[in-house]
Amino acid sequence: MQQPGRAAEIKAIGIGKSFGSFRALDDLTLDIGRGEFLTLLGPSGSGKTTFLMILAGFIQPTDGRLYSDGVDITERPAEQRAAGMVFQGYALFPHMSVEANIAFPLKVRKKPAAEIKRRVGEMIERVGLKGHEKKLPSQLSGGQQQRVALARALVFEPGVLLLDEPFSALDKGLRGQMQAEMKRLHQETGTTFVFVTHDQSEALALSSRVAIFNHGKLLQVGAPDEVYDRPDNRFVAEFLGEINMLPLKGVRPANNGSTGLCEDRAISMRCKAEKVRGDAILAIRPEYMSIAREAATGENGIAATAVASTYLGAATRLDLTTRQGAKVTISVPNEVAASALSKGNSVWLTWPAEKGFLLPNGGQ
Amino acid sequence: MRAYLSDRMGAALLMAPLLLFLVLAYAWPFLGVVKWSFTLPTPGLGQYNALLTDQLVQSVFIRTLRIAAIVTIVSVVAAYAITVVWVRGTPVQRVVAEFCILVPFWISVLTRAFGWVALLSNRGLINTWLQAVGFISEPLALVRNEFGVIVGMTHFLIPFAVFPLASSMRSLDDRVLLAARGLGSSRMRTFWSVFVPMTRSGIIGSALIVFVFSLGFFVTPAILGGGRSVMIAELIYLRIFQSPDWGLGAAISVVLVLFVGALMALLFRYIRPKQLV
């Protein structure tokens with residue numbers, strides 16, 4: 001984080017933080033690559049913000065070490081780490097104009113006036129705030145304040161930019177716009193971005209990798225499609241989106257994958273039965289399941305009855321129950337939902353073998 | 001709507017005794033003072049004319065403004081330091097600061113003025129000690145002069161300066177301070193270029209309160225000034241009680257009230273009343 005203009009590479013080893021008897025963060029080991037866009041995702045109280053504050057230097061970890069470009073920075077105070085930071089609610093200086101806010105990090109670094117003027121001007125241009133230079137933060141809209149916060153955090157070319165739920169105060173349309181803008185800024189600056197959010201769609205849309213937290217533990221790190229399609233555990237599977245879970249018996253390895261019994265039908269999966277044997281849970285994302293009159297031989301499928309539907313406009317959400325009482329939700333074209341419901345009884349739910357994955361039975 | 005109206009009626013009823021008291025005990029007698037200023041000893045603007053020419057009255061006005069300004073600056077700076085500890089210190093520091101702020105309110109202004117006489121007079125504690133240690137051979141003139149008046153008034157007014165400051169510091173968003181540090185600003189720099197400017201309304205409010213209080217101070221300057229450092233309120237007292245010059249005393253009072261009124265108007269333009277407590 002000490003070399004301006006160069007993306008930082010951060011290594012956290014065994015980081016832990018206790019507040020009294022409360023363990024906010026436990027044994028976190030994570031490498032953040034140079035120029036990566038890493039999202040820390042989790043519900044509130046999961047430890048993701050604590051980790052961000054430790055990266056910024058605002059919180060001292062109780063255990064573990066933190067390295068930036070190979071240098072131990074665990075004890076280095078926040079003002080010397082100089083990570084760019086965008087706070088929830090932006091934390092702009094209310095008594096300073098847009099220009100002065102953005103110039104602040106350069107002024108404390110005692111840059112020459114001409115350089116400050118040039119770089120602030122460039123940054124204002126880059127985030128699209130031209131014409132607002134002299135305004136106070138209170139005279140700006142939420143989106144504009146957000147841009148000032150981003151500009152102020154990026155103007156001194158920090159090795160890493162830390163963002164704490166920066167979009168939580170924006171409405172949906174503006175949020176999408178700012179997300180696109182942030183992606184662009186990431187590409188243009190090449191800086192390492194570490195982004196905290198509890199919104200899983202935001203995490204999947206923006207990041208090069210997602211780190212999922214719960215109860216102070218890092219559960220899984222991976223590319224968005226990796227964590228979405230192959231979650232390690234039930235929490236990650238459920239947190240990243242809707243998921244259907246079916247009980248599976250007699251799970252064992254088979255030709256290029258594994259096999260098991262679901263409600264007395266043989267089911268095959270591409271994934272390996274490494275961690276699970278015998279009883280397990282078969283998890284399938286709703287968008288990979290479809291409805292058929294009959295299951296072809298060799299194809300995965302179980303019988304179910306449609307019990308309710310919710311019209312969503314573009315599609316219909318269909319709730320079904322299998323013969324043994326497992327609940328399944330899928331999204332289907334509107335006319336399919338109508339015919340499935342009108343028959344009142346049995347339809348077949350089918351899915352491709354590579355889209356089902358195994359989770360350990362019970363617990364997390 | 002009816003509930004709202006009756007709420008307002010209720011509020012008006014609750015405030016009525018206070019308003020009535022203020023009118024009977026303050027506004028009404030003051031109108032009498034205004035009348036004196038135009039009628040005694042002869043009807044006309046003679047007393048106001050005297051205000052513009054009388055050297056003694058003018059020197060007292062200037063001294064009062066000077067003392068009030070010095071007291072204001074010293075009180076606000078001292079109160080700022082105490083308030084930072086009170087609002088942002090560790091739990092133990094907060095308790096100690098709170099104690100230091102609240103205890104003075106329990107001790108009468110007279111007791112405190114005489115306390116300072118005991119400390120500052122020629123044979124008081126400070127001079128005796130300094131002479132005993134050998135720092136000085138002759139006692140320092142610490143009282144019966146402007147210095148003594150300023151010490152006593154500052155001591156009295158610091159707690160009043162604390163409350164507007166505390167209110168502005170409490171409403172300050174901590175994340176802004178974190179942001180400043182995260183952007184590379186040292187603690188010192190963060191304090192001067194972020195914390196202090198963000199408590200500006202508190203500083204203005206606190207300074208105006210202290211200044212207005214100082215202008216009308218009577219007991220402390222009378223005791224610690226020892227008749228040699230007369231301020232406006234004491235001058236009014238002397239004109240009315242010790243020389244038969246009620247008209248001039250009244251005219252000075254009217255000018256003082258108008259001046260203080262203008263300052264209060266300025267105060268409420270800058271900050272809302274609830275920020276003062």
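## Basis of the model

This is a predicted model, in which local features need pLDDT of at least 70, side-chain atom pairs count only at pLDDT 80 or more, and totals for chains, interfaces and linings use all residues. Residues are numbered from 1 along each chain as its sequence is written, chains are lettered from A and ligands numbered from 1 in the order in which they are written, and side-chain values use heavy atoms, with hydrogens and water left out.

## Chain B

Chain B has 13 helices and zero strands. Helices (H or I, at least four residues) and strands (E, at least two) are DSSP runs, numbered from the N terminus. In sequence order the pattern of chain B reads α-α-α-α-α-α-α-α-α-α-α-α-α. The C-alpha trace of chain B spans about 75 × 70 × 35 Å along its principal axes.

## Interface of chains A and B

The size of an interface is often given as the accessible area lost when the parts come together. Between chain A and chain B the buried area is about 1,700 Å² (accessible area, 1.4 Å probe, that two parts lose on being put together, summed over both). Carbon and sulfur atoms give 68% of this area. Chain A brings 22 residues to the contact and chain B brings 16 residues, where contact means heavy atoms within 4.5 Å.

Across this interface there are four residue pairs in polar contact, both residues at pLDDT 80 or more. A polar contact is a pair of N or O atoms within 3.5 Å; within protein, one must be able to donate a hydrogen and the other to accept it, and residues adjacent in sequence count only if both atoms are side-chain atoms. On the side of chain A that touches chain B, the elements giving two or more residues are helix H2 (78-81), helix H3 (98-108) and helix H5 (142-154) of chain A. H3(A) gives the most, with four residues. By class, this side of chain A has 15 nonpolar, three polar and four charged residues. Ala, Val, Leu, Ile, Met, Phe, Trp, Tyr, Cys and Pro count as nonpolar, Asp, Glu, Lys and Arg as charged, and the others, Gly among them, as polar.

## Salt bridges

Over all chains the structure holds 28 salt bridges (a side-chain nitrogen of Lys or Arg within 4 Å of a carboxyl oxygen of Asp or Glu). One of them joins A:Glu36 and A:Arg209, at 2.6 Å from N to O. A:Glu36 lies in the loop between strand E2 (22-32) and strand E3 (37-41) of chain A and A:Arg209 in strand E9 (residues 209-214) of chain A, so the pair ties together parts that are 173 residues apart in sequence.

One salt bridge is found across the interface of chain A and chain B. A:Glu79 forms a salt bridge with B:Arg181, with the closest N and O atoms 3.0 Å apart.

## Pocket and cavities

On a 1 Å grid over the protein atoms alone, a cavity is a set of points where a 1.4 Å probe fits but cannot get out, and a pocket is an open set with protein on both sides within 12 Å along at least five of seven lines; lining residues have an atom within 4 Å of a point. Grid points are joined across faces, edges and corners, and a volume is the space filled by probe spheres set on the points.

The largest pocket holds about 460 Å³ of space. Among its 18 lining residues, B:Tyr26, B:Phe30, B:Val33, B:Ser253 and B:Val257 are the closest to its centre. H13(B) gives the most to this lining, with six residues. The lining has 15 nonpolar, three polar and no charged residues. H5(B) gives the most to the lining of the largest cavity, with four residues.
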